[in-house]
Amino acid sequence: MSDRDDELAAKLVHLRGEGLEKGDPLALPLTLTSMYHLPGDPAPGVPGYGRAENPTWEALEAALSLIEDAPALAFPSGMAAISAALFAVVKAGDRIVIPTDGYYTTRLLADRFLAKLGVTVVTRPTLDMARGGFEGVALVFLETPSNPGLDVCDLAGLCEAVRAAGGVSIVDNTTMTPFGQRPLELGADVVVASDTKAPGGHSDVLMGHVASRDAAFMEEVAAWRKLAGGIPGPFEAWMLHRSLETLPLRFERMCDSAEVIAARLAEHPAVRNLRYPGLADDPAHLMAKAQMTRFGFLIGLELESADAAERFINGCGLLAAATSFGGVHSSAERRARWGDDVAEGFVRLSVGTEPVEALWAALDAALRG
Ligand SMILES: *Cc1c(COP(=O)(O)O)cnc(C)c1O
């Protein structure tokens, strides 16, 4: 990790300690309450009601804000965060651009709900975003590396082009986390992420967040959360707060291992069309090197058939057969089962925190059948 990321990672584990009074619990208390003691008139800064404020969320948001280096708001899932960011920006008559090869639920949400409110939803492949043509576009949604294809687009160039055309750029940074890529620093207006993935990291909690340095936008996002009511549960917020403390450690290990495993898979006779932005001959490598600080823990590979892919996934003792990614346990799935535009034998592999040689031995054995 960069010196700056190291510094943030160190600060993150001591963040709560900074504000403590003598006798305060060192660990974050979990505050489960809908009501606050509120005699007389409400006062600024005094919590009033559980849909609007909760100290456990606030501690989580302080940690998210530290690692994003921007104000952040927590949501009960990645999609709740994405919905809030979209609804804070769009209005009837707007045109928005969404990737065809990004997280598919974002497209479903836009097609099913934004379209009927009079928003025109245009979709394009991630690699095609470079074509520009953002005049008259209110919002451009980007996801890089795309999921599951792992194509990479030029965030600095695209965010600048969107801004010059008067639009807002929103980047879904789920696959990279701030420790692998910093879209706000590359010029994005807004970052959204599913913290269900690597930030949660143990596959036991769904959460998400929105981060932006645009105060007026964040005010809209906060109002959306309070008025629409899609608020995080305090317990989930507490779990994510705890997980974040080990995110830098887990993420670094996962990326280190993914680099080793991707290079070996690329040489494996059973594997075709391996995609990993960290490999020097990957089509995304140069752009990835320019804008990412790590190459991530996701690997795309093709086996000869759907059957071969299923045998690999289900026959490997160190792979969880599951959708989603970013857990401490390595996991994999055949994406064509969801209708993704990929080969039948395409597997998305999420590298976990197992010791790399043990993991490689298990993957290699499963590939040999
Ligand atoms: C999982 C995911 C989401 C949605 O997150 P949830 O927490 O499942 O709502 C959004 N974007 C990307 C890239 C994801 O991988």
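Q: How do the residues of the lining of the largest cavity divide into nonpolar, polar and charged?
A: In this predicted model, the lining of the largest cavity holds 7 nonpolar residues, 2 polar residues and no charged ones.

Q: Which residues line the largest cavity?
A: The lining consists of Pro145, Leu150, Thr175, Met176, Pro277, Phe295, Gly296, Phe297 and Leu298. At least three of the lining residues come from domain 1 (3-244), and at least three from domain 2 (247-368).

Q: How many cavities of 30 Å³ or more does a search of the whole structure find?
A: The general idea comes before the case. Rolling a probe the size of a water molecule over the atoms shows where empty space is left. In this structure, the search finds 1 cavity of 30 Å³ or more.

Q: What volume does the largest cavity have?
A: The volume of the largest cavity is about 50 Å³.

Q: How many disulfides does a search of the whole structure find?
A: A disulfide is a pair of cysteine sulfur atoms within 2.5 Å. By this criterion, the search of the whole structure finds 0 disulfides.

Q: Is Cys316 buried or exposed?
A: Buried means under 20% relative accessible area. Cys316 counts as buried because its relative accessibility is 5%. Cys153 is also buried, with a relative accessible area of 5%.

Note on methods
Residues are numbered from 1 along each chain as its sequence is written. This is a predicted model: local features need pLDDT of at least 70, side-chain atom pairs count only at pLDDT 80 or more; totals for chains, interfaces and linings use all residues. Side-chain values use heavy atoms; hydrogens and water are left out. On a 1 Å grid over the protein atoms alone, a cavity is a set of points where a 1.4 Å probe fits but cannot get out, and a pocket is an open set with protein on both sides within 12 Å along at least five of seven lines; lining residues have an atom within 4 Å of a point. Grid points are joined across faces, edges and corners, and a volume is the space filled by probe spheres set on the points. Ala, Val, Leu, Ile, Met, Phe, Trp, Tyr, Cys and Pro count as nonpolar, Asp, Glu, Lys and Arg as charged, and the others, Gly among them, as polar. Domain bounds come from an automatic or database domain assignment. Buried means under 20% relative accessible area, exposed over 50%, partly exposed in between (1.4 Å probe, protein chains only).
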